[in-house]
Amino acid sequence: MSAARTARTVVAATLVAGLAATALATPALAAQAPAPVKPGHAATQQALDAAVADGVPGAVAQARDGRDRWTGTAGERKGGDRYRVGSITKTFTATVLLQLQAEGRLDLDDPVEKWLPGVVRGHGHDGRKITVRQLLNHTSGIYSYTEDPAFQEEVFGPGFLEHRYDTWTPRQLVSLAMAHEPDFAPGSGWNYSNTNFVLAGMVIEKVTGRPYGKAVENRIIKPLKLRATTVPGTRSAMPEPSSPAYSKLSRDVNAPVHDVSDLNPSIAGAAGEIISDSRDLQTFYSALLKGRLLTKGGLKEMTTTVAISPELPNVGYGLGLMKERLSCGVEVWGHGGGIHGSSSLAHVTRDGEHSLAGNFNADWAGSAQKVIEAEFCGTPANKG
């Protein structure tokens with residue numbers, strides 16, 4: 001997959017490159033009286049409604065702007081629903097590594113080999129030449145295990161129905177990547193790779209002596225009191241409140257739709273397993289950009305971006321964090337995330353004051369980018 005195509009995938013809030021849907025029969029949308037819309041969020045509500053008209057069963061978004069608080073829903077989703085946030089997990093993982101660096105327990109410019117000897121080897125991959133920083137900004141060149149054809153068939157294709165509860169260890173996921181050649185020499189390009197953050201989670205475990213999820217819980221979830229945010233590990237069920245997640249498990253737009261709510265999230269691990277809600281995601285990203293989780297130097301490192309594609313000059317990637325200049329000139333920071341039946345977004349202005357988070361409970365339709373533009377630029381979603 002080209003860098004430009006992958007970058008568009010990220011901007012559109014999909015986590016897993018090549019994600020091929022998860023299926024159900026067309027769900028009946030719950031009949032709900034529309035909630036009153038505050039004038040400042042009318043375009044955002046229109047974007048949610050447009051997503052449902054485009055085939056998404058349910059959509060939710062929440063926004064904060066100073067003292068203003070707003071929640072919008074369309075179709076099946078409810079305002080307080082929890083959902084799988086996919087690659088938004090990457091920002092949590094990167095934050096922990098930056099904290100560990102501030103404590104002197106590692107250096108982001110350490111070679112991966114120092115912490116994971118012999119793990120990044122095979123078909124041209126060499127962990128002695130790749131730094132932890134290059135994992136976090138996707139300049140490592142490491143092949144993404146989610147691009148592996150057999151993995152895609154088993155995990156994102158029809159094989160999902162048989163294998164949805166299988167457990168994958170981080171070493172197994174990395175081994176899939178090592179069976180392929182690198183995308184490029186370390187530091188010579190950019191390409192979104194989920195393997196990078198599986199490895200980042202492994203580095204956290206090596207440094208702390210505990211699973212990366214424990215570090216996320218102790219360093220981010222508990223201090224910020226994120227009551228809806230969990231690192232599920234191998235637990236397959238969704239916590240309540242939540243509504244179903246749907247996928248077609250196929251690139252065929254006419255394929256049947258499946259309820260894919262329950263799955264073993266070890267397929268994503270530190271690259272995309274976290275469950276949260278819109279309220280918690282806004283709290284996290286606002287706290288992060290306001291400097292509550294990192295030192296001033298750490299936040300500067302996280303927000304130092306690299307270009308991802310000439311086709312997307314307004315988008316840069318930092319350390320597990322994206323910067324985007326929208327059509328109206330507003331600059332937002334955050335991440336998108338996609339996993340079976342779930343497409344999520346979380347963005348905030350650089351001062352941490354205006355935030356947006358939301359989710360579509362399907363992975364084959366809808367435009368998260370239109371929701372982002374609508375909230376920060378006031379641009380109504382295009383019809384048709």
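Student: Does Phe156 count as buried or exposed?

Tutor: The structure is a predicted model, in which local features need pLDDT of at least 70, side-chain atom pairs count only at pLDDT 80 or more, and totals for chains, interfaces and linings use all residues. Residues are numbered from 1 along each chain as its sequence is written, and side-chain values use heavy atoms, with hydrogens and water left out. The term buried means under 20% relative accessible area, exposed means over 50%, and partly exposed lies in between (1.4 Å probe, protein chains only). The relative accessibility of Phe156 is 1%, so this residue counts as buried.

Student: What is the relative accessible area of Phe151?

Tutor: Phe151 is a buried residue. Its relative accessible area is 2%.

Student: To how many aromatic pairs does the count come?

Tutor: Rings of Phe, Tyr and Trp (its six-membered ring) pair if their centres lie within 6.5 Å; planes under 30 degrees apart are stacked, over 60 edge-to-face, and the rest tilted. By this rule, the number of aromatic pairs is 7.

Student: What is the angle between the planes of Phe151 and Phe156?

Tutor: Phe151 and Phe156 form an aromatic pair, with 5.7 Å from centre to centre. The pair is edge-to-face, and the angle between its planes is 80°.

Student: How are the rings of Phe151 and Trp168 placed, and what kind of pair do they form?

Tutor: The centres of the two rings, Phe151 and Trp168, are 5.0 Å apart. Their planes meet at 75°, so the pair is edge-to-face.

Student: How many residues apart in sequence are the parts that Phe151 and Trp168 tie together?

Tutor: Helices (H or I, at least four residues) and strands (E, at least two) are DSSP runs, numbered from the N terminus. Phe151 belongs to helix α6 (residues 149-156), whereas Trp168 sits in the loop between α7 (160-163) and α8 (170-178). Phe151 and Trp168 are both buried. The pair therefore ties together parts whose separation in sequence, in residues, is 17.

Student: Which residues of α8 are buried?

Tutor: Contact means heavy atoms within 4.5 Å. Elements that cover the buried residues of α8 include β4 (121-122), β5 (125-126), α6 and α9. The residues covered in this way, the buried residues of α8, are Leu173, Val174, Leu176, Ala177 and Met178.

Student: Which residues does Arg121 touch, not counting residues up to four places away in sequence?

Tutor: Arg121 is located in strand β4 and, with a relative accessibility of 33%, counts as partly exposed. Its C-alpha atom is separated by 9.7 Å from that of Val174, 53 residues apart along the chain. With residues up to four places away in sequence left out, Arg121 touches Glu113, Asp126, Gly127, Arg128 and Met178.

Student: Which residues are linked with Arg121 in a network of salt bridges?

Tutor: A salt bridge is a side-chain nitrogen of Lys or Arg within 4 Å of a carboxyl oxygen of Asp or Glu. A search of the whole structure finds 13 salt bridges. In the network, Arg121 is linked with Glu113, Asp126 and Arg128.

Student: By about how much of a helical turn are Glu217 and Lys214 separated?

Tutor: The side chains of Glu217 and Lys214 form a salt bridge at 3.7 Å, N to O. Lys214 is partly exposed, at 34% relative accessibility. Because Glu217 and Lys214 are 3 residues apart in helix α10 (residues 212-221), their separation is about one helical turn.

Student: How far apart are the closest N and O atoms of Glu331 and Arg325?

Tutor: Glu331 is partly exposed at 24% relative accessibility, and Arg325 is partly exposed with a relative accessible area of 40%. The two residues form a salt bridge, and the distance between their closest N and O atoms is 3.0 Å.

Student: With which residue does Glu103 form a salt bridge?

Tutor: Glu103 is partly exposed at 43% relative accessibility. The closest N and O atoms of the bridge are 3.7 Å apart, and the partner is partly exposed at 36% relative accessibility. That partner is Arg105.

Student: What distance separates the C-alpha atoms of Ser343 and Ser367?

Tutor: Ser343 is part of strand β13 (residues 342-349) and is buried, with a relative accessible area of 9%. Ser343 and Ser367 are 24 residues apart along the chain, and the distance between their C-alpha atoms is 9.4 Å.
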